[in-house]
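Me: I would like to learn how to read salt bridges in a model. Please start with the terms.

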Amino acid sequence: MEKTLIILKPDTFEKRKVGATISRFEDAGFSIVATKMIRLTSELLKEHYAHIADKPFFPRIEEFMSSLPVIVMILQGESAIERVRNMTGPTNSLQAAPGTIRGDWGTDMMLNIVHASDGEDSAQAEIKRFFSEDEIYA
């Protein structure tokens, strides 16, 4: 069984789609093996988005991602990383097909409802970034 990390972003709360988003993952057969609501700090955001933290648009992302609490979750299931990515759709919600989470509820590149790990290495690193071993129930 594979594990992946998702973050329900501030726009998920603003659009009141937290329960609906979690239900989609559960209905697809994923197990939630860790979850918590947190406020993302500047330090944590710079670590999580290290690949773009030096870009001119990063302050806007940082402001948005710290504007409200988020829910971080670890989902577990067969081919979890690929299946979750297929369910969420492309990062740019404008390119996401109807029926995907971002296609149904996202607005654009940043307001896209959910972050999902994009590969095995990133999933492992992100899980360690947000959860200690004793917070994971799998």
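Reply: Buried means under 20% relative accessible area, exposed over 50%, and partly exposed in between (1.4 Å probe, protein chains only). This is a predicted model, in which local features need pLDDT of at least 70 and side-chain atom pairs count only at pLDDT 80 or more, while totals for chains, interfaces and linings use all residues. Residues are numbered from 1 along each chain as its sequence is written, and side-chain values use heavy atoms, with hydrogens and water left out.

Me: How many salt bridges does a search of the whole structure find?

Reply: A salt bridge is a side-chain nitrogen of Lys or Arg within 4 Å of a carboxyl oxygen of Asp or Glu. The search finds three. In one of them, Asp-104 pairs with Arg-24, with 2.5 Å between the closest N and O atoms.

Me: Where in the chain do Asp-104 and Arg-24 lie?

Reply: Helices (H or I, at least four residues) and strands (E, at least two) are DSSP runs, numbered from the N terminus. Asp-104 is in helix α6 (residues 101-105) and Arg-24 in helix α2 (residues 18-27), 80 residues apart. Arg-24 is partly exposed at 22% relative accessible area, and Asp-104 is partly exposed at 32%.

Me: Which residue forms a salt bridge with Glu-47?

Reply: Arg-129 does, with the closest N and O atoms 3.1 Å apart. This pair links distant parts of the chain, Glu-47 in helix α3 (residues 42-48) and Arg-129 in helix α7, 82 residues apart. Glu-47 counts as partly exposed at 44% relative accessibility; Arg-129 is partly exposed at 23%.
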